[in-house]
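Reader: Hi! I'd like to go through this structure with you, a bit at a time. Could you start with how you decide that two residues touch?

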Amino acid sequence: MVSSKPCDIAVVGAGLSGIVCAQQLQRAGYSVVVVEKSRGVGGRLATRRLSGVSADHGTRYLEAQGPYTEELIPILRDRDLVKSWTEAVRHVSATGEIKPPGSEPYYVAPDGMNSVAKFLAEGLTVWRGQRVTALTPTHSNTRWTLTLEPMPGHAILPLRVRGVVLAVPAPQAASLLEPLLADGLPTEMLESVQSVQFDPCITAIAVYPSGTETPDDPAWNALHFDDHPSLGWLSLESRKRNTDGRRVVLLQSNGSFAQKYLEATSLEPIGRALLQEASAFLPGLEKPEALQVHRWRYARVRQGLENCPSAAVPLPIVCAGDWCGGDNLEAALETGEAAAWAINARLKQRSLAPVDFASYANTK
Ligand SMILES: Cc1cc2nc3c(=O)[nH]c(=O)nc-3n(C[C@H](O)[C@H](O)[C@H](O)COP(=O)(O)OP(=O)(O)OC[C@H]3O[C@@H](n4cnc5c(N)ncnc54)[C@H](O)[C@@H]3O)c2cc1C
C-alpha cells in the first residue's frame, strides 16, 4: 500500500532487522513506512524462482542462535512455515569426507525462506521497489526528506519523516551517511560504519529435468563445506518443496572464491565451475536444464560492530542490521529491536513493548 501522508519514521530496508524495528515502533504508536529497493521483503532471507521452481539463495536454514531465534523458530514451526532438516545436513571435512549427521537443529522453509520475512512483516506499510538515494534535512531542520529512486513502473513518492533507521548493509548505509557530514553528522558515526567489512558470496541455482529428484539418493539433503577451495554449501532445494520430480540444486561459494570473481562480467562460467566442483559430491550436476548465478556483494559480516551507530544531528538517525551486533540472523533480529529503542529515545520516548513474534501476524 502506498501513501504519502506525514509519517514519523522511515525504516530503510525490509530485511529482518528493518522488519523487527518497524514492528516494534508501529506497536508503540509511531507511524512507520518501510522503504525497500527490491520487489519483496526479506533482504538476504531470499527466495528466487527459476523455470517454475524456487530456491533459497541467501540464508540457507534457520537454527537457534540465541534468544530471538529460539523464540521465533517454534512459532514458525507451529504455523508450518519451517520444518526440521537436522538429520539431513552433513558437514564435509577439508579432505572431502562427508561426516555422519550431527545433532544441530536445522530448519528450512517449504514455502521459501522469504515466507518467514513475509510472516514477520504482516501489518507493516512497505514501499517496495523504492531505493533511497539521499537523505536531506529540511531547511528548518525538523524533518528528513528521503529521495527515492523507484523501479520502472513504480510511482515517485515524497517522504518526510522525523527519524530514519538505516537497516541496510554497512557500505550502503555509509554511502547515505557520508553527504550528511556537511550537515553536522558526527564523523565518528560514519567512521564506525565504514570500518565494517563483509564477505561476498556467489550462488548458483541449477534445475534438472523431470525424474531427476530421487528421494533416497543421496541420503543427505545438504552439504556444509567446512574447508573447500570454492564451495561453502550445496542443498537439494527439491527436498524442501514439491518440484514435480525435478532436481533443484543450490550452490553457494565460500567468501574467498567469491572475492576472486566478484567483478566478473559474466557469472555463468563461474556458476558452471561451481557445478563442476560439486559434481564430485553429487554426480550428474554438470548439465542443468536451467542455471541462474547471482552475486551477493555483502553476504556475511567479516568484521562488525557491537552496537547500532546513531546520531541526533542533523536529525535522529540510527543504523540496524546483522553487522551492528554479530554476523547472523540472531544479530539482525536483535539489532532491529535495539534500533527501535535507540530511535525512540531520540524522538518521543514512548513505551516500547519487548519483542513478541507471535503477535506480529496480528499487528495493526
Ligand atoms: C548467501 C548467504 C547465506 C547466508 N547464510 C546464513 C546462515 O546460514 N545463517 C545465518 O544466520 N545467516 C546467514 N546469512 C546472513 C543473513 O541472511 C543475514 O544476517 C540477515 O538476513 C541480515 O538481515 P539484515 O536485516 O541485517 O539485512 P538485509 O537482509 O541485507 O536487509 C537489507 C535490506 O535493505 C535493502 N536496501 C539496501 N539498500 C537500500 C536502499 N538504498 N534503499 C532501500 N532499500 C535498501 C536491501 O534490498 C535489503 O532488503 C546468509 C546470507 C547470505 C547472503
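Author: Happy to! Two residues are in contact if their C-beta atoms, placed from the backbone, lie within 7 Å. Residues are numbered from 1 along each chain as its sequence is written. This is a predicted model, in which local features need pLDDT of at least 70, side-chain atom pairs count only at pLDDT 80 or more, and totals for chains, interfaces and linings use all residues.

Reader: Great. Which residues does Lys99 touch, not counting those up to four places away in sequence?

Author: Lys99 touches Arg90, His91 and Ser93, with residues up to four places away in sequence left out. You will find Lys99 in the loop between strand S6 (89-92) and strand S7 (107-108). Strands here are DSSP runs of E with at least two residues, helices are runs of H or I with at least four, and both are numbered from the N terminus.

Reader: Is Lys99 buried or exposed?

Author: Lys99 is exposed, because 12 other C-beta atoms lie within 10 Å. The scale is this: 20 or more other C-beta atoms within 10 Å of a residue's own means buried, 12 or fewer means exposed, and anything in between is partly exposed, with C-beta atoms placed from the backbone.

Reader: And what separates the C-alpha atoms of Lys99 and Ser17?

Author: Those two C-alpha atoms are separated by 34 Å, and the residues are 82 apart along the chain.

Reader: Switching topic: how is the protein divided into domains?

Author: Domain 1 covers 9-43 + 118-196 + 304-362, and domain 2 covers 60-112 + 198-302. The bounds come from an automatic or database domain assignment. The C-alpha centres of the two domains lie 30 Å apart.

Reader: How many residues are in contact between domain 1 and domain 2?

Author: 15 residues of domain 1 are in contact with 13 residues of domain 2. On the domain 1 side, H8 gives the most, with four residues. By class, that side has nine nonpolar, two polar and four charged residues. Ala, Val, Leu, Ile, Met, Phe, Trp, Tyr, Cys and Pro count as nonpolar, Asp, Glu, Lys and Arg as charged, and the others, Gly among them, as polar.

Reader: Now the ligand. Which residues are closest?

Author: The closest are Gly13, Gly15, Gly43, Arg44 and Asn328, out of 35 residues that surround the ligand. A residue is near a molecule or strand if its C-beta atom, placed from the backbone, lies within 6 Å of it. Helix H1 (16-27), strand S9 (130-137), strand S13 (197-207), strand S17 (290-303) and helix H8 (329-346) each give two or more residues to the shell.

Reader: Nice. Let's do sheets: what is the order of the one with S1 in it?

Author: The order is S8-S2-S1-S12-S19-S18, an open sheet of six strands with mixed pairing. Strand S8 (126-127) and strand S18 (310-311) stand at the edges with a single partner strand each, so one side of each has no neighbour in the sheet. For two strands to count as paired, DSSP must find at least two bridges between them.

Reader: How does S1 sit among its partners?

Author: S1 (residues 9-12) runs parallel to S2 (residues 32-35), with four bridges joining them. Val11 has Val34 as its bridge partner in S2, and Val12 has Val35. S1 also pairs with S12 in the parallel sense over four bridges, where Ile9 is partnered by Gly163. Both faces of S1 are covered: Ile9 and Val11 on one side, and Ala10 and Val12 on the other, are all buried.

Reader: And the sheet with S6?

Author: That one is also open, with six strands in the order S6-S14-S15-S16-S13-S17 and mixed pairing. S6 and S17 stand at its edges. Strand S15 (residues 231-236) and strand S16 (residues 248-253) run antiparallel, joined by five bridges, and Leu234 stands opposite Leu251 in S16.

Reader: Last one: where is Pro218?

Author: Pro218 is in the loop between S13 and strand S14 (222-225). The peptide bond from Asp217 to Pro218 is cis, with omega near 5°.
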